[in-house]
Amino acid sequence: MITSTINCSLTPDEIQIIRQRLGREPNELEWALIDAEWSEHCSYKSSKAIISQLPSSGDHVLVGPGYDSGVIDIGDGLILTAHIESHNHPSAVDPYGGAATGIGGVVRDILCMGTRPIALLDSLKFGDITKSDHSKWLLKNVVRGIADYGNCIGVPTVAGEIEFDECYERNCLVDVVCVGLGRKDELLLAQATKPGDSIFLIGGSTGRDGIQGATFASRVLAADSDRERSAVQIPDPFTKKMIIEATLEANRAGVMRGCKDLGGGGLATGLSEIADKGETGVDVHLEMIPLREPDMNAIEIMISESQERMLLVAKTGSERELEAIMAKYGVSSSRIGKVTSTRMLTILRAGKSIAQLPTDFLANAPIIQRIAREPKVNPPPGKVMRHENLRQIVISLLSSPTIASKEWVYRQFDHEVGIRTVVKPGQGDAAVLRLPNQKFVAIKSDANSRICDLDPYIGAASVLAECCRNITAVGAKAIALLDHCQFGNPNDEEVFWSFSMAVKGIADLARALHLPCVGGKVSFYNEDEEKHQAIKSSPVITVIGTVEKPDHVTTLNFKHNQETIIAIGKTKPEVHGSEYYCHLGLYGGTPPTLDFQLEGQTQNAVLECIRNGYATACHDCANGGLAVTLAEMAIAGRIGATVDLTRSPMESLGDDELLFSESNSRFILTTRRRDDVLRTFQSFNIPAAAIGVVGGESLNITLQHDKFEFDLSKLHTAYTRSLEMILEPWRK
Amino acid sequence: MKIEAKLVWHNEFKDVYDAVILPGGFSFGDHLRSGIIAAHSPAMEGVRKMAKEGKPVLGICNGFQILIESELLPGSLLRNSSLKFVCKWMDLQVDNVDTAFTCAFERGEKVRMPIAHNEGRFFAEDQLLNNLKVDDRVVMHYPNENPTGTSKGIASISNDEGNVVGMMSHPERASDDLLGGTDGLRVFGSMLEWMR
């Protein structure tokens with residue numbers, strides 16, 4: 001019988017399958033184990049069939065999706081690991097603790113592969129902070145949560161992105177990416193492959209915090225979700241730091257067979273997954289598990305998501321050594337069970353079995369075939385009055401929260417700890433970190449919910465394209481991607497259609513660019529229960545690239561007088577879904593087109609220019625169009641420029657479109673080798689043109705019917721002070 | 001620059017070193033107060049002895065906080081006036097070049113190094129501030145922007161003998177052109193020169 005003490009989210013169909021497959025009535029504890037493990041959050045039961053179309057193999061891929069993190073071989077015996085996690089629901093209820101524990105979780109995903117976390121990125125979405133104090137409160141506390149946790153564990157937060165839109169008012173999105181570095185011969189997997197090995201639970205004790213966090217994440221947030229604070233875990237970064245060092249030392253000592261992070265679904269999920277992947281079984285003794293509260297029952301112990309805990313599988317005979325290493329770091333360790341050959345997860349209390357379930361049954365929830373239905377076509381947006389004050393709009397866009405400098409945020413993140421960060425926040429289109437083999441890794445996360453909302457297929461592909469352009473602009477070749485699809489309730493057929501189309505868009509472009517997906521995540525139920533309003537389709541993409549030589553590392557700021565400014569790629573009249581239209585209050589229409597082949601070739605040509613040493617600065621042209629791109633380069637370089645936009649490659653369009661169109665496949669590059677650059681693009685058959693020169697104290701832009709001069713210091717103030725003025729208006 | 005260096009675990013400190021650097025970080029998670037728990041760790045006995053013997057002792061960031069909590073340096077380091085962590089490259093001016101970690105600089109020289117901390121607002125009563133000035137124990141200060149609201153822009157101080165120095169700036173992060181500059185390298189160069 002399903003007990004009333006546990007809030008079960010299994011469907012009637014699933015309950016029937018469970019009874020059939022087991023051939024008996026599970027007991028209360030067993031129901032709870034299945035419920036946690038079969039939650040959407042842990043099982044991906046709605047999304048598995050869709051996300052399997054993402055390409056996941058390639059030259060550099062050592063381990064693809066399905067493990068705690070993807071593993072990329074970067075040569076010289078080195079590997080990079082990468083994973084993305086979200087903590088949306090917890091952050092909506094407790095922004096500080098939710099964001100902090102989100103980092104804690106993704107760091108463990110990197111650690112349990114035997115690699116050291118070397119970089120964090122965050123991708124955040126909030127409501128309109130110019131209107132909502134609630135969203136301001138969320139932003140401030142999410143940022144503080146990330147800062148306090150990431151800074152304390154000594155992992156730099158090196159890049160990210162933030163988007164503001166009213167659809168996130170009650171459903172903020174908090175995504176964190178972690179990248180790890182390790183040696184190929186020290187790679188660990190979350191597997192218990194050898195019967196007889198011991199299972200250790202290390203780190204924090206098990207308490208009532210985070211009970212049913214996985215099922216909490218697999219539901220829509222309700223008006224009374226504030227009362228679910230007990231479903232949010234408590235962060236403890238110092239313990240995490242000790243766990244990181246102790247686990248890495250144990251791995252180097254060779255005493256471990258496998259390692260598993262305890263996240264969603266707690267011990268129930270962790271134990272059944274290591275046994276299922278290792279094709280073994282596990283016996284676990286409840287009384288060996290250290291508890292924070294002595295009166296916890298078996299269900300609470302098994303599904304608690306208390307933070308800072310890891311499962312280590314110790315090789316037979318290495319138990320003492322492992323315990324000694326943990327003791328050195330003051331990390332508590334308990335031998336809680338043993339690997340068996342039964343292929344069962346058996347829970348014992350006082351030597352007696354109180355629950356026993358097959359691990360492959362537990363770890364593999366039945367896939368749900370969901371129905372997708374295409375929504376009605378977007379109505380076209382209203383007409384623009386051609387007499388808008390374009391000059392003023394440039395300033396307004398620069399100070400709009402989504403475009404404005406995120407300095408207020410990244411100053412709070414220690415982005416240099418570990419002394420690897422070569423391109424720091426604000427300096428380039430992506431973060432660049434140095435590696436021990438004299439090469440560099442480039443990392444960036446991107447999103448654009450407005451265009452994904454107009455067309456999830458082109459929108460999601462465009463997000464991937466933009467992210468790859470960001471990687472290209474710093475001089476790197478993209479080698480892998482992570483995706484995180486965040487949508488509303490999958491029972492809504494239109495939501496599920498959008499999700500399916502977004503994944504298809506990512507998959508199709510990834511294939512065209514020969515870019516494997518090494519991991520990702522799906523997060524549903526991002527919906528406001530009161531208003532029944534889902535968030536806009538919000539896929540977040542992270543791309544990882546490598547830079548071969550220090551000379552190739554390229555930043556975005558204008559550098560020296562007289563350098564030529566080159567516009568690459570054609571500007572088309574594509575303003576639907578743009579920052580410009582959003583500023584005018586115009587929504588709907590069709591997003592900018594995306595030619596997959598052209599996108600790839602444009603990136604290749606830019607990379608060739610950089611590798612040949614032609615580029616002195618490079619910047620992807622995206623949000624806010626050419627106007628914002630040029631302004632950002634001038635602001636970062638504290639040096640002006642004079643450009644004639646009518647000379648840039650373009651289709652027939654109005655001056656507003658020339659300034660603000662968000663057409664894909666475009667860059668701005670500066671050079672002292674104008675002819676070489678133009679010749680390179682010609683050889684790739686990519687449109688490019690010299691549009692002006694760097695220099696002076698102002699940004700001068702010539703259009704077809706107009707001419708603007710912007711004072712550099714005014715642009716600088718609009719761009720760099722905006723967030724601070726919104727968030728801390730009392731400062732000056 | 002070749003210096004034989006060793007990472008030493010806090011309860012395995014031995015009395016065999018020529019100089020010691022307490023690096024940045026969040027010792028004991030900054031629980032209670034930054035640096036206070038580490039100030040009572042076994043290693044600090046050895047550090048205290050080295051300081052007394054005149055050997056170079058440098059505290060960087062959390063290391064500075066530990067030196068203050070250990071009373072090897074005076075004053076206190078309070079929460080930044082912005083109430084926020086700040087990570088930023090700062091302009092610094094070297095005021096005292098008679099220390100183990102600045103003897104390779106010129107007096108009054110302008111340098112750049114990054115800071116990254118939450119509690120770096122040096123605070124001292126007027127009398128102490130005056131003493132620090134008169135005794136020439138302010139090692140560096142922020143000549144332009146004061147990022148934390150620290151008294152008189154103070155970023156680094158030393159003991160009377162100049163062998164114990166605490167600084168909020170991170171010289172190790174400013175030791176490679178790839179990472180933004182090499183002014184910090186000269187802090188370690190100074191240490192070598194001092195020991196010679």
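This section describes the domains, chain contact, helices and selected loop residues of a predicted model.

The domain assignment divides chain A into domain 1, covering residues 54–363, and domain 2, made of the segments 384–416 and 554–732. The C-alpha centres of these two domains of chain A are separated by 40 Å. Where they touch, domain 1 of chain A contributes 15 residues and domain 2 of chain A contributes 11 residues. On the domain 1 side of this contact, the elements giving two or more residues are α7 (133–152) and β5 (157–164) of chain A. Of the elements on that side, α7(A) gives the most, with 7 residues. By class, the residues that domain 1 of chain A presents to domain 2 of chain A comprise 8 nonpolar, 4 polar and 3 charged.

Chain A is also in contact with chain B, through 17 residues of chain A and 16 residues of chain B. On the side of chain B that touches chain A, two or more residues come from each of β4 (86–94) and β5 (110–117) of chain B. Strand β4(B) gives the most to this side, with 3 residues. The side of chain B that touches chain A consists of 9 nonpolar, 3 polar and 4 charged residues.

Two helices of chain A were examined for length and burial. Helix α21 of chain A, residues 625–637, has 13 residues and reaches 19 Å from its first C-alpha to its last, close to the expected 18 Å. Helix α21(A) is mostly covered, with 13 of its 13 residues buried. Just after α21(A), R638(A) adopts a positive phi of about 50°.

Helix α21(A) packs against helix α24 of chain A, residues 712–727; the two axes come within 10 Å and cross at roughly 100°. This crossing angle falls in the range from 65 to 115 degrees, so α21(A) is roughly perpendicular to α24(A). The residues of α21(A) that take part are A631(A), A634(A) and I635(A), and they meet L712(A), L715(A), H716(A) and Y719(A) of α24(A). The contact of α21(A) with α24(A) has 6 nonpolar residues, 1 polar residue and no charged residues. An α-helix has 3.6 residues a turn, so residues three or four places apart point the same way.

Helix α17, residues 456–473, and helix α20, residues 596–611, both of chain A, pack at an angle of about 10° with their axes 10 Å apart. Angles under 35 degrees count as roughly parallel, and α17(A) and α20(A) are therefore roughly parallel to each other. From α17(A), the contact involves A465(A), C468(A), R469(A) and T472(A), while α20(A) supplies E599(A), Q603(A), V606(A) and L607(A). By class, the contact of α17(A) with α20(A) has 4 nonpolar, 2 polar and 2 charged residues.

Positive phi values also occur in loops of chain A. E279(A) is located in the loop between α10 (266–278) and β9 (281–285) of chain A. Although E279(A) is not a glycine, its phi is positive, near 55°. E279(A) counts as partly exposed because it has 13 C-beta neighbours inside 10 Å. Q562(A) lies in the loop between β21 (540–547) and β22 (564–568) of chain A. The phi of Q562(A), likewise a residue other than glycine, is positive and near 75°. With 8 C-beta neighbours inside 10 Å, Q562(A) counts as exposed.

I371(A) is placed in the loop between α13 (359–363) and α14 (390–399) of chain A. It is exposed, having 10 other C-beta atoms within 10 Å. The C-alpha atom of I371(A) lies 8.6 Å from that of E494(A), a residue 123 positions away along the chain. Apart from its neighbours within four places in sequence, I371(A) is in contact with E493(A) and F496(A).

Conventions. Residues numbered from 1 in each chain as written. Chains lettered and ligands numbered in written order. Predicted model: local features only at pLDDT ≥ 70, side-chain atom pairs only at ≥ 80, totals over all residues. Helix = DSSP H or I, 4+ residues; strand = E, 2+ residues; numbered from the N terminus. Expected span 1.5 Å × (residues − 1). Buried ≥ 20, exposed ≤ 12 C-beta atoms within 10 Å, placed from the backbone. Domains from an automatic or database assignment. Contact = placed C-beta atoms within 7 Å. Nonpolar A, V, L, I, M, F, W, Y, C, P; charged D, E, K, R; others polar. Axes fitted to C-alpha atoms, helices over the stretch in contact; angles between N-to-C directions. Parallel < 35°, antiparallel > 145°, perpendicular 65-115°, else oblique.
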